[in-house]
Amino acid sequence: MSKIPEDAAERRAIAPVICYPVETLPAPDLGLYRAARAGARKVAEWRVPPREASDFSVPAGQFFRISSIEGPQVGDLNLWNADDMTERFYSGKTRALHGTHLTEGHRLWSSFPALRPMATVVTDSLAWYGVDAFGGRVHDVIGTRCDPYTGNLLSGTQYHHCCHSNLTRAVADARGMTLEDAETHVHDVLNVFMCTGFTRDTGQYFMKASPVRPGDHLEFFAEIDLLGALSACPGGDCGDKHSSDAAACHPLLVEVFAPEDGALQGWVPPARNGYDRSHGR
Ligand SMILES: [Zn+2]
């Protein structure tokens, strides 16, 4: 056990500062997006079966909605630039900028060197949830994804319907890749509808039954042309077990909506990051 210094209380009392103040980030024009969404028409939909994943595509300037349809269900979301899969959703940087959980007005940022908004959250029917007495919030960017490797590490299992494997199969099917190649594109997710936090005493990642109910949805504006993949997590509402077939699981629905011509006057897709990449040489 380390020795407590005399000025321990003083050191602990230092007020925190926000690592990345977001005031200088280009703000999304939610008013414009919502006005465009009001006149939009549905152009595509995908139904994601329980314990499986589905790929989907959304052109820049359209909207995609993820909905709970038959019962409480968590979804694990991956996004890529449809034309260059090396640009993909960067969960860690999104967390550093916006916090551990996402809601309306937050953006899903892409990996280096592009580091630009891929999508913007326009509507969150669970925004009312806020933070509960346990510190739980909805839609996290902390949980990476359930995967068969951690399951094997902790309990020696060979389970094939974790979100990681579901997403791997979806990418393989979408792009005609081997599973081995497809797996390299799967990345840390946005945990759609999942209710999570960190325990105050040990700082451990916790989950609890999601407050999502059929009809709830999370809707995004696609800032660039997107390839997406969504897994209906084998944890169901993630109130108890995952990485097995024990939990009750339900499908999820992905719908795409196209605004009317001219409805996005003034909007342009975000430019790639401006850093010159000379790295000091
Ligand atoms: Zn999962």
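**Salt bridges across the chain**

Begin by selecting glutamate 104 and arginine 34, whose side chains meet in a salt bridge with an N to O distance of 3.3 Å. This pair joins distant parts of the chain, for glutamate 104 lies in the loop between helix 3 and strand 6 while arginine 34 belongs to helix 2 (residues 30-38), 70 residues apart. The model is a predicted one, and in it glutamate 104 is partly exposed at a relative accessible area of 32%, as arginine 34 is partly exposed at 37%.

Next select glutamate 87 and arginine 116, which form a salt bridge at 2.8 Å, N to O. Here strand 5 (residues 84-88) supplies glutamate 87, and the loop between strand 6 and strand 7 (117-124) supplies arginine 116, the two being 29 residues apart. Are these two residues, glutamate 87 and arginine 116, buried or exposed? Both glutamate 87 and arginine 116 are buried.

Then move to arginine 107 and glutamate 223, where the closest N and O atoms of the salt bridge are 2.9 Å apart.

**Helix 3**

Select residues 91-98, which make up helix 3, and colour its buried residues: Ser91, Lys93, Thr94, Leu97 and His98. Viewed down the axis of helix 3, these buried residues fall within an arc of 165 degrees, and therefore they line one face of the helix. What covers them includes strand 6 (107-109).

**The zinc ion**

Now centre the view on the zinc ion, which is coordinated by the SG atoms of Cys146, Cys163 and Cys233 at 2.2 to 2.3 Å. Cysteine 146 is in the loop between strand 8 (137-140) and helix 4 (148-155), whereas cysteine 163 is in helix 5 (residues 163-175), 17 residues apart. Both cysteine 146 and cysteine 163 are buried.

**A last selection**

End at lysine 3, found in the segment before helix 1 (8-12) and exposed, with a relative accessible area of 77%. Its C-alpha lies 41 Å from that of serine 243, a residue 240 residues away in sequence.

Key:
Residues numbered from 1 in each chain as written. Predicted model: local features only at pLDDT ≥ 70, side-chain atom pairs only at ≥ 80, totals over all residues. Heavy atoms only, no water. Helix = DSSP H or I, 4+ residues; strand = E, 2+ residues; numbered from the N terminus. Buried < 20%, exposed > 50% of the residue type's maximum accessible area, 1.4 Å probe, protein only. Arc of directions from axis to C-beta. Contact = heavy atoms within 4.5 Å. Donors = N, O, S within 2.8 Å, 3.2 Å for Na, K, Ca; no water. Salt bridge = Lys/Arg side-chain N within 4 Å of Asp/Glu carboxyl O.
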